[in-house]
Each structure stands twice: as structure tokens, then as C-alpha cells.
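Here is a short briefing to read alongside your structure.

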Amino acid sequence: QKRISSLFMNKNECNKWFGISEAINQSTVNMTFSGNIKIRVNDNEEANDILEPFIYESDFMETLKEAYSCALSCAGEAVSYIVIRTSTQFNPNTNMKIGNRFIDFEVLKKYEVITQKNRLIREFYKTFDIWNGERTEKREFKFTYTYSIIAEDYATLKIEGFEKDTKISDGLVKELLEIDILEDEYDFIPYFELRLGRGQLPNAIYIEDSLAENLYFKGFDVQNSQTRKFVPETMMYENSRPNNNFAPLIDDPYKMTHPLRNNIDKTGIVFQEGISAVKELEQHMKLDILQACLDAKISPISLGFSLLDSLANNTDNAISKERVSIRLRESNIVLLKIFISKIIRAFLKINLIETEITDIAVIFDQYITPSVETLTNVLAKQVQFGLKSTQQAVADLNKNEMSDDEISEEVARIKEQVVQMDYNVQQRNKNLQAEEEVDDKIDNKEDNVLKGDGIVE
């Protein structure tokens, strides 16, 4: 607490932040979720028909990005949670529960929940205007949502309300939260934990403080780097001294000409050349940014700051420049695939489709995609050596740009073109062979004629 209270950010002079924490966090999120993410269930078209609109028309991907961002921003262990919100469906005749209907997802940060073994407790406070019989008064209540995993694919939810550590009635909880039930059972796991190891920003507050201090002095550097002109008061048209105190004129950063009160001869104009320390300030900022990138385990090139371009001059390959970031992305993608598969399995179970996590395929696009020329050459060699079919090569080359029918038409066109080329080559070879035979016959005929006329070679 003592270290935090002495930070520059607590001073009135601090009016600007660099925002390195947000830059690193968003750069990592954009890098991990760059390109498309394909999610399919093997050998289950019914499940795929449900998943396609759910993935591309809902906010599922934005929910994943938010959970990933929350986990990375932790100072200690990188953890966040996603909870599936559902409504309970009842049989209108028997009033018995017949299932759950999916509503949406909710992302919870690490500090918003209490975790125990097979249990997740979420606490939050809300203030309501309640009529006490005479007037409306504001009252604050605490609500707890307790999710408990009882067995595999079986969990429960219990909702309670408190006012000043005193439990309130179930009827008041239902009225305040506008819900019908306070306890529910699930045949799936309704919450999921994303754990990514260590967070990216263990020293973020101190690095931000150092960068904020640099920005503060960099603002003064603009003033100090300007050449100032001091003019004797006797050479001015009017007296510039306000009440015998011209300090405000000297301190004004937007004026480069100042009155000169005391001068030996009082006849000359004095110029003071400005001195800039921007290079030293940028060097300090660069060191702070590098420290933040080391903590976050990403390459500084991934941030895209022009201040760090000199660090990339020793390499020409984009993959070499960002190999540290790519390794972090690959390790996190392994964890994200399992995390996404668990959520998809629970969503399908809500829709009465049974599947296993191993049957769900989650494919992330590459971070740095090759050029069209490079990709075409690679695919052509794969087809040539039998490592990939023509149809798969066409699909990879025109990813997300052609439908399955268009890909089939393109493959048919390529095969027809190859057959036509082979036919043309065969015809050309036959024509060349026929021409050679004709030339031989003509030569023989001429030889016979010459010999018949008595001409001997």
C-alpha cells in the first residue's frame, strides 16, 4: 500500500496514461483469434446444422474473446469463467420440468467469484427503491448464485438473497430478481473455467506509472525544445509587466517571446536555443515497454508501435520477428480448444444432442498466412506427390470464398482442362510422328527418281 500511494499516478500532475496493459492484452487477443475458427462435430450433421447459426450469428465468439481477455489481464493466475444462462421449461399440464432453454453466456472475472471444490459461488450487490409504507427508500441486497457439480453431467443451482448478512425471504428474492425459481437442476455442467497459467501483467501498475511519468515530461520537452527570444522592455511598444510581475508571461508555454527586465546594456535581444531530450525519454519508454512484453511473454513487434521498429531490423521473416508471440498463441490455443469443446458439448446437450468432447473439432487459422503464390506452390506440390486431393487443395486455396458446389465445379473444370491438355499433347506427338514418316517417304522417292535418271551420288 505504501508503494502504491507514492506512485506518480496518484499525483495531480498525472493527466495522461500510456495504456500499455490494454495494448498488450488486445494485441494478444487479436493475435489468438486472428482468422476464422471452425467448429464441427465429426459424423453428426444434425449437430453441425445447429452449431453453424449459433457460432456465426450469436455473440459466442465475442464471449470467448472477452473470457480470454479477462484471464490474460490477471496479475496472478490467469483464470476466467463462462456461465451458461438458461430458462427452465415446464410441461403446462403436469407442471413438471421438461428441460432448459439456452439464453446467453455470461463472463465472470476471477475476483467476481468464489471457487471451492466442484462449486462456483457468484456474489453481487444491487440497490432497489422499496416502499416502506410511508416513503420510498433505497435498500442494498446481496445475492448469491451457487453452482454445484454433484456428478458427471449433473449440477445444481441455488439462489439466495441477504440484507446486511440477514437472509431475506424466497418470495422477496423472486420479486427483486424477477425470476420464478430459486433452485434448478442441470443434466450438463453450466459453468466452465478457462485457465491459462500465469497472467500477462504482474507488474503492470508500476510499468504504467513509469510510462505516465515519461509522457508528463515529454509534454514539457515540446516547450523546452523551442528557441526563446527575450526582448528588453525598453524596445517594446508598451510595458509588458502586469503589476511588476511578469512571471506568468515567462511561464506561458505557448509564448516564445518574453520581456527582459534586467540586462546590462538593455539594448540587445537575447536568444536561448531550445534543448530536446526526446531521445532519452523514448529510450526510457522503450525499456518500459520491453519489460512489459517480457512479463506478457509476447514479442514487442506484435504491438505495432513505431517506437520499436528498430528491434525488427535484424530479421526479414515475419515469423522470426514474432516467434515468441506465436509460441504463446499455440500454447493458449491448445487450452482454448478443450475449453471451447466443453462449452459446445453442453450447448448441444441443452438441444438434446449427445456427443463427446473428442468428437468436436476446433480449428484455428494460422496467425501469419502465406501469400497466394506461396500457398499455390505448396498445394501444387502436395497434389503432385499425392499428399492432398485436388478438391482439398482447391478448398484450401479458396477458403471461405467458395461454397462446396463451387469447389466441386472448379475441380471438374481443372480435371477437364488437364484431360484436354493431355489430349493436345498426345495429338501433337502423333502429328510430329506422322510428319517424320512423310518426310522419310519423300526422301526415298527423290532418291529413286534420281537413281532412275542415271544420276549416281
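**A helix, a sheet and a pocket**

Helix H10 (residues 323–350) has 28 residues and spans 40 Å from its first C-alpha to its last, close to the 40 Å expected at 1.5 Å a residue. Please keep in mind that this is a predicted model. The points below start at the end of that helix and then turn to a sheet and a pocket.

**After the helix**
- Just after H10, you will find Leu352 with a positive phi of about 65°.

**The three-stranded sheet**
- An open sheet is formed by 3 strands in the order S12-S11-S13, with mixed pairing.
- Strand S12 (257–260) and strand S13 (270–272) are at the edges with a single partner strand each, so one side of each has no neighbour in the sheet.
- From one strand to the next, the twist averages 25°.
- Strand S11 (residues 228–232) pairs with S13 in the antiparallel sense, over 3 bridges.
- To see the two strands side by side, look for Arg228, which stands opposite Gln272 in S13.

**The second largest pocket**
- The second largest pocket holds about 640 Å³ of space.
- It is lined by 25 residues, and the closest to its centre are Arg85, Thr86, Tyr145, Ile159 and Ile179.
- Elements that give two or more residues to this lining are strands S2 (77–90), S3 (97–109), S5 (119–131), S6 (136–151), S7 (154–163) and S9 (183–186).
- Strand S2 gives the most to the lining of this pocket, with 7 residues.
- Sorted by class, the lining of the second largest pocket has 15 nonpolar, 7 charged and 3 polar residues.

Note on methods
Residues are numbered from 1 along each chain as its sequence is written. This is a predicted model: local features need pLDDT of at least 70, side-chain atom pairs count only at pLDDT 80 or more; totals for chains, interfaces and linings use all residues. Side-chain values use heavy atoms; hydrogens and water are left out. Two strands pair if DSSP finds at least two bridges between them. Helices (H or I, at least four residues) and strands (E, at least two) are DSSP runs, numbered from the N terminus. Axes are lines fitted to C-alpha atoms, for helices over the stretch in contact, and angles run from 0 to 180 degrees between N-to-C directions. The expected span of a helix is 1.5 Å times one less than its number of residues. On a 1 Å grid over the protein atoms alone, a cavity is a set of points where a 1.4 Å probe fits but cannot get out, and a pocket is an open set with protein on both sides within 12 Å along at least five of seven lines; lining residues have an atom within 4 Å of a point. Grid points are joined across faces, edges and corners, and a volume is the space filled by probe spheres set on the points. Ala, Val, Leu, Ile, Met, Phe, Trp, Tyr, Cys and Pro count as nonpolar, Asp, Glu, Lys and Arg as charged, and the others, Gly among them, as polar.
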